[in-house]
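Please examine the sequence and the three-dimensional structure shown below. The paragraphs that follow lead through selected helices, their packing and several individual residues.

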Amino acid sequence: MHFGPEHEQFRKSVRDLVEREIEPYVDGWEAVGSFPAHELFPKLAAVGILGLEYDPAYGGQGADHSYTVIYGEEMGRGGCGGIPMAVSVQTDMATPSLHRFGTHELKQRYLAPAIRGEMVTAIAVTEPDAGSDVAGIRTRAVRDGDEWVINGTKLYITNGTQADWLCLLARTSEVDSGAGGRYHGMSQIVVPTDTPGLTVSRKLDKLGNRSSDTAELSLVDVRVPVANTIGEIGRGFQQQMAQFQNERMIAAYMAVGSMLSAIERTIDYVNERQVFGQPLGANQYVQFSLAELAAEVDVARHYNYACAEAYCRGEDTTRFATIAKLRTGRLNRRVADVCIQFHGGIGYMEETWTARYFRDSRLLSIGGGADEVMLRILSQLEGIG
């Protein structure tokens, strides 16, 4: 993948914004378990982050996917996992289906304000009994004239306490008992969060990514227009699967950014830390351990680039995205473990960045499809079983 002067200027813009508008405030946001999305998102919009690949008719930049790679890497360097994840919900989880399949009216009303950072979005798929098994969702949307009447519960919803609208997946017809019936009869629906009957049941207390708010949502007789349906009624599962590819790609890009930053910071530390009369970095085991991790991150980074190039060519990136998410999720955990080990006791303290990174790194192998689901997808692609 070739990055020209315009790419590098964009990289600098994103890095400057992260250093100015995110890093100085992370400790405070982590402490309260949330960040001011309605204040931060317009600042991200000002440099084009929230609509990089979207149609300029709705305020997007009309850029190709290579800019998303840069945005992901630089946002991943931001000193925490929570804010990058919250931003990626806006850019690559809640809005891709609306951009691809939504009507002009829906895009004007909901996509354009999201691109400007005026509206915060969330993706509402997961439920108490349906996580990685999306086909197991029970939230129902029953048609009553020109409205959907929605009832159900959504769980682990990032941006859930602040979102202005949800990209919600619900069952809109009965489950077909035939082969593959569980995957049919779902629809994606834009649900404004100020709609009567939609409430935040509770704000969730997480192990990591604490600077982003995560909620359980309750929907009781929530009425929205049928016109709020994204794309074709009954095709929601298929549309959501396509949206998951964007989620998995941006997660892999952000993971590379966080790993690069963590290794760089650990190298600085071991070169300064004196142990037994010499720098810790003079120990060959330390040198080789960090060198090997750096090599593996480099391989992951260029695998991401191959994935991005395929996406730019319009190819199906299911295999690329699945492998990228699986491998970066596992590698991220290894990097975090080595970094905290080489920092020793101070690395275990909350005052040091390593403790937060260690906690935050665990989520990538769970969210957006657990490792086991990625392996299941790959097994199917390989024709195994």
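In this predicted model, helix α11 has as its buried residues Trp 353, Thr 354, Ala 355, Arg 356, Tyr 357, Arg 359 and Asp 360. The helix spans residues 353-360, and because seven of its eight residues are buried, it is largely enclosed by the rest of the structure. The elements covering these buried residues include α2 (26-32), α5 (82-93), α8 and α10.

Two of the covering helices also pack against each other. Helix α8, formed by residues 236-272, meets α10 at an angle of about 25 degrees, and their axes are 8 Å apart. Since angles under 35 degrees count as roughly parallel, α8 and α10 are therefore roughly parallel to each other. Their crossing is left-handed. The residues that form the contact of α8 with α10 comprise 15 nonpolar, eight polar and two charged ones.

Trp 353 and Thr 354 are themselves among the buried residues of α11. A further spatial reference is Glu 30, which is 309 residues away from Cys 339 along the chain; the C-alpha atoms of the two residues are separated by 21 Å.

The cysteines raise a further point: how many disulfides does the structure hold? There are zero disulfides. A disulfide would require a pair of cysteine sulfur atoms within 2.5 Å. For Cys 80, the closest cysteine sulfur is that of Cys 339, and because the separation is 16 Å, the two are too far apart for a bond. Cys 80 counts as buried, because its relative accessibility is 8%. For Cys 312, the closest cysteine sulfur belongs to Cys 307, at 9.6 Å, which is likewise too far for a bond. Cys 312 has a relative accessible area of 39% and is therefore partly exposed.

Attention may now turn to another position, Met 374, in helix α12 (residues 371-382). With a relative accessible area of 0%, Met 374 is buried. Apart from its neighbours within four places in sequence, the contacts of Met 374 are Arg 248, Thr 322, Lys 325, Leu 326, Gly 368 and Gly 369. Gln 245 lies 129 residues from Met 374 in sequence, while their C-alpha atoms are 11 Å apart in space.

Helix α1 (residues 5-22) packs with helix α4 (residues 66-76) at an angle of about 30 degrees, their axes lying 9 Å apart. That angle makes α1 roughly parallel to α4. The crossing of α1 and α4 is right-handed. On the α1 side, the contact is made by Glu 6, His 7, Phe 10, Arg 11, Val 14, Arg 15, Val 18 and Ile 22, while α4 contributes Ser 66, Tyr 67, Ile 70, Tyr 71, Glu 73, Glu 74 and Met 75. By class, the residues of this contact of α1 with α4 divide into eight nonpolar, two polar and five charged.

Note on methods. Residues numbered from 1 in each chain as written. Predicted model: local features only at pLDDT ≥ 70, side-chain atom pairs only at ≥ 80, totals over all residues. Heavy atoms only, no water. Buried < 20%, exposed > 50% of the residue type's maximum accessible area, 1.4 Å probe, protein only. Axes fitted to C-alpha atoms, helices over the stretch in contact; angles between N-to-C directions. Helix = DSSP H or I, 4+ residues; strand = E, 2+ residues; numbered from the N terminus. Parallel < 35°, antiparallel > 145°, perpendicular 65-115°, else oblique. Left-handed = near helix turned anticlockwise from the far one by under 90°. Nonpolar A, V, L, I, M, F, W, Y, C, P; charged D, E, K, R; others polar. Contact = heavy atoms within 4.5 Å.
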